[in-house]
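Thanks for passing this one along.

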Amino acid sequence: MNAIPKDVLSPELRERAAELSAEVVAPFPNSTKVHVSGSRPDIRVPMREVAQTPALWLILLASGTTNAAFNWGVTIGDVVRVVLLFYLMPLWAVLLARLLLHERITGAALLRVLFALAGAMTILWPADGGGLPLPRTLPEALGLIGGFSFALNNVMLKREAARGA
């Protein structure tokens, strides 16, 4: 059943719309249909019970931290520095994928990690030349935290997708 009139769309678009319609009404992965009793015994409300795993809570925390840290950082700090530190995300993603997914770090990935570290050191190195290249302000720390959380979110989503969650 499709609400789109036959004379409006080409057969190819009508077929694609039907496929999308089927995807939209498909049940959520890892969910089961349950019926909850209503206010009367003869009323049963259909719902979906979604299986929750600890990993989903970590994904929720990571995605929230990503948004909060990035938005807070660019609001109170030097936007360019915060964004550059946030977009160290690929560095964290390579390292987290190795740790959590046991992915091999290729030579090309290692080269990208080294370039990212060199960039981070360039941004974070103190202007007077002394000390370690660490975040010195709250916005810089928020940029790094946001980027790390973004990478964690992506790696965990990849891991859970592979598990079929």
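1. A definition to begin with: patches are made of residues with over 30% relative accessible area and no salt bridge, like charges being joined within 9 Å and nonpolar side chains (Val, Leu, Ile, Met, Phe, Trp, Tyr) within 5 Å. A salt bridge here is a side-chain nitrogen of Lys or Arg within 4 Å of a carboxyl oxygen of Asp or Glu. Accessible areas come from the Shrake-Rupley method with a 1.4 Å probe, and for residues only the protein chains shown count as cover.

2. Please keep in mind that this is a predicted model, where local features need pLDDT of at least 70 and side-chain atom pairs count only at pLDDT 80 or more, while totals for chains, interfaces and linings use all residues. Residues are numbered from 1 along each chain as its sequence is written, and side-chain values use heavy atoms, leaving out hydrogens and water.

3. On the surface, a nonpolar patch is formed by Leu95, Ile105, Leu110, Leu114 and Leu117, with about 410 Å² of accessible area together. Helix H5 (residues 107–124) contributes the most to it, with 3 residues; helices are DSSP runs of H or I, at least four residues, and strands are runs of E, at least two, numbered from the N terminus.

4. Which elements give two or more residues to the largest nonpolar core? That core has 11 residues, among them Ala55, Ile59, Leu96 and Met156, and the elements are helix H2 (54–76), H4 and H6. A core is a set of buried Ala, Val, Leu, Ile, Met, Phe, Trp, Tyr and Cys residues joined through side-chain atoms within 4.5 Å; buried means under 20% relative accessible area, exposed over 50%, and partly exposed in between (1.4 Å probe, protein chains only). A second, separate core of 9 residues includes Leu85, Leu91, Val113 and Leu144.

5. The aromatic pairs number 4, counting rings of Phe, Tyr and Trp (its six-membered ring) with centres within 6.5 Å; planes under 30 degrees apart are stacked, over 60 edge-to-face, and the rest tilted. Phe86 and Phe150 are stacked, at 5.6 Å centre to centre and 15° between the planes. Because Phe86 sits in helix H3 (residues 79–86) and Phe150 in helix H6 (residues 138–163), this pair ties together parts 64 residues apart in sequence. Phe86 is buried at 5% relative accessible area, whereas Phe150 is partly exposed at 24%.

6. The ring centres of Trp92 and Phe148 are 5.8 Å apart with planes at 70°, so this pair is edge-to-face. Trp92 belongs to helix H4 (residues 89–101) and Phe148 to helix H6, 56 residues apart.
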